Amino acid sequence: MLKIDFNRENIEKCLCTGCPVQKENSCIKDQVQEMEEISKDIDIDTGVMIGPDEVPKLYCATGKTKCNNLHTHEECQCPQCEVWKENDLEVRDAFAYFCVNGRAVECCKITNDEEDFDNKSREMRRIYYTPI
Ligand code: SF4
Ligand code: SF4
């Protein structure tokens, strides 16, 4: 079963921050600024945390952004991301743009069937690695 964790490691790998779909959006810019301010002031003792839905990235794990008017005609960066590759999201038929489509487990025709998954992996290796 596909499960993408909302953790620091995946946040650091995520490419959403620089993505043209969201980077000029004023609501997203506010969230980025708020996240930076909170992480600067974070007090380990009081355990101040920021909720996943306030973090303007890792949408494949957390779901749609609360912000509107994203530039969805621009190219989603997910297929270049390590989280995308590690979770075989292409083989699982994910169509990215998780910021508007929702979490990977909800928005995509996720392949959980092992046999189907193996067949798709083989087909993709054939497409990408067959010498011309
Ligand atoms: S989910 Fe895709 S389209 Fe949305 S911000 Fe992240 S990289 Fe860009
Ligand atoms: S697959 Fe997309 S939403 Fe998920 S971590 Fe990578 S860039 Fe971010």
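What follows is a conversation about how the descriptions of this predicted model are reached.

Reader: What should I know about the numbering and the limits of this model before we begin?

Author: Residues are numbered from 1 along each chain as its sequence is written, and chains are lettered from A and ligands numbered from 1 in the order in which they are written. Because this is a predicted model, local features need pLDDT of at least 70, side-chain atom pairs count only at pLDDT 80 or more, and totals for chains, interfaces and linings use all residues, while side-chain values use heavy atoms, with hydrogens and water left out.

Reader: How many helices and strands does the chain have?

Author: The chain has seven helices and zero strands, where a helix is a DSSP run of H or I with at least four residues, a strand is a run of E with at least two, and both are numbered from the N terminus. Read along the sequence, this gives the pattern α-α-α-α-α-α-α.

Reader: What makes C27 and C67 a disulfide?

Author: A disulfide is a pair of cysteine sulfur atoms within 2.5 Å, and the sulfur atoms of C27 and C67 are 2.0 Å apart, so the pair meets the definition. The whole structure holds one disulfide. The pair links distant parts of the chain, since C27 belongs to helix 2 (residues 26-41) and C67 to the loop between helix 3 and helix 4, 40 residues apart.

Reader: Why is this disulfide called left-handed?

Author: The torsion about the S-S bond of C27 and C67 is about -70°, and therefore the disulfide is left-handed.

Reader: Why are C27 and C67 described by accessibility as they are?

Author: Buried means under 20% relative accessible area, exposed means over 50%, and partly exposed lies in between, with a 1.4 Å probe and protein chains only. C67, at 6%, is therefore buried, whereas C27, at 30%, counts as partly exposed. C60 at 11% is buried as well, and so is C78 at 14%. Buried residues make up 33% of the 132 residues in the chain.

Reader: How many cavities are there, and what makes a space a cavity?

Author: On a 1 Å grid over the protein atoms alone, a cavity is a set of points where a 1.4 Å probe fits but cannot get out, and lining residues have an atom within 4 Å of a point. By this rule there is one cavity of 30 Å³ or more. About 190 Å³ of space lies in the largest cavity, a volume being the space filled by probe spheres set on grid points that are joined across faces, edges and corners. Of the 19 residues that line the largest cavity, C14, C16, C76, C78 and F98 are the closest to its centre.

Reader: Which residues surround ligand 2, and what classes do they belong to?

Author: With a residue counted as near when one of its heavy atoms lies within 4 Å, those surrounding ligand 2 include C14, C60, C78, W84 and F98. Here Ala, Val, Leu, Ile, Met, Phe, Trp, Tyr, Cys and Pro count as nonpolar, Asp, Glu, Lys and Arg as charged, and the others, Gly among them, as polar, so the shell around ligand 2 has eleven nonpolar, no polar and no charged residues. The shell around ligand 1 has nine nonpolar, two polar and no charged residues.

Terms used
1 Å grid on protein atoms, 1.4 Å probe; cavity = no way out; pocket = protein on both sides within 12 Å on 5 of 7 lines; lining within 4 Å.
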